[in-house]
Amino acid sequence: RAYWAEDIEWVALDDGEMTTLVSSASALDAFMTQYFAEHSDVRSEAGQQVRSGSFVAFVETATWTNQSGSHTQEALAIYQLAEGRIARFPYLGEPE
């Protein structure tokens with residue numbers, strides 16, 4: 001949480017529509033606390049970072065296990081920074 005701006009925004013981009021999912025550090029903390037309580041074995045690794053202005057991008061590789069087995073997913077992570085903290089980040093599609 002030390003890396004988040006107090007007014008951090010998590011937005012979903014799906015079929016050309018943008019929806020704000022979270023608009024504060026406390027709301028993101030509550031969401032992530034619940035998510036990881038329900039998905040305790042999720043792990044992520046960040047690949048090589050590319051920085052452009054106030055944006056940092058990298059490929060994130062997530063792994064987890066559920067009743068159907070082990071899974072791996074790669075996604076493009078893009079963080080917009082402000083004053084050294086994450087101010088906004090998108091999710092492509094609807095999060096589960």
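These points cover the fold, surface and salt bridges of a predicted model.

1. Fold. One helix and seven strands make up the secondary structure of the protein chain, in the order β-β-α-β-β-β-β-β along the sequence. The radius of gyration is 14 Å, close to the 12 Å from the globule rule for 96 residues, so the chain is as compact as a globular protein of that length. Its C-alpha atoms fill a box of roughly 40 × 30 × 30 Å along the principal axes.

2. Of the 96 residues, 20% count as buried. Among contacts with a separation of 6 or more, 35% are between residues 24 or more positions apart.

3. Surface and charge. The protein chain exposes about 6,900 Å², with carbon and sulfur atoms supplying 49% of that area. There are 5 positive and 15 negative side chains, and the centres of the two sets lie 11 Å apart.

4. Salt-bridge network. The structure holds three salt bridges. Arg 1, Glu 6 and Asp 29 are linked in a network. Glu 6 meets Arg 1 at 3.9 Å, N to O, and Arg 1 meets Asp 29 at 3.7 Å, N to O. The latter pair links the segment before β1 (4–14) to helix α1 (residues 25–38), 28 residues apart. Glu 6 is exposed at 54% relative accessibility; Arg 1 is partly exposed at 44%, as is Asp 29 at 30%.

5. Strand-to-strand bridge. The side chains of Arg 88 and Glu 9 form a salt bridge at 2.9 Å, N to O. Arg 88 lies in strand β7 (residues 85–92) and Glu 9 in strand β1, so the pair ties together parts 79 residues apart in sequence. Arg 88 is partly exposed at 28% relative accessible area, and Glu 9 is partly exposed at 25% relative accessibility.

Technical notes: Residues are numbered from 1 along each chain as its sequence is written. This is a predicted model: local features need pLDDT of at least 70, side-chain atom pairs count only at pLDDT 80 or more; totals for chains, interfaces and linings use all residues. Side-chain values use heavy atoms; hydrogens and water are left out. Helices (H or I, at least four residues) and strands (E, at least two) are DSSP runs, numbered from the N terminus. The radius of gyration is taken over C-alpha atoms; the globule rule is 2.2 Å times the number of residues to the power 0.38. Buried means under 20% relative accessible area, exposed over 50%, partly exposed in between (1.4 Å probe, protein chains only). Contact means heavy atoms within 4.5 Å. Accessible areas come from the Shrake-Rupley method with a 1.4 Å probe; for residues, only the protein chains shown count as cover. Lys and Arg count as positive and Asp and Glu as negative; His and the chain ends are not counted. The place of a charge is taken as NZ of Lys, CZ of Arg, CG of Asp or CD of Glu. A salt bridge is a side-chain nitrogen of Lys or Arg within 4 Å of a carboxyl oxygen of Asp or Glu.
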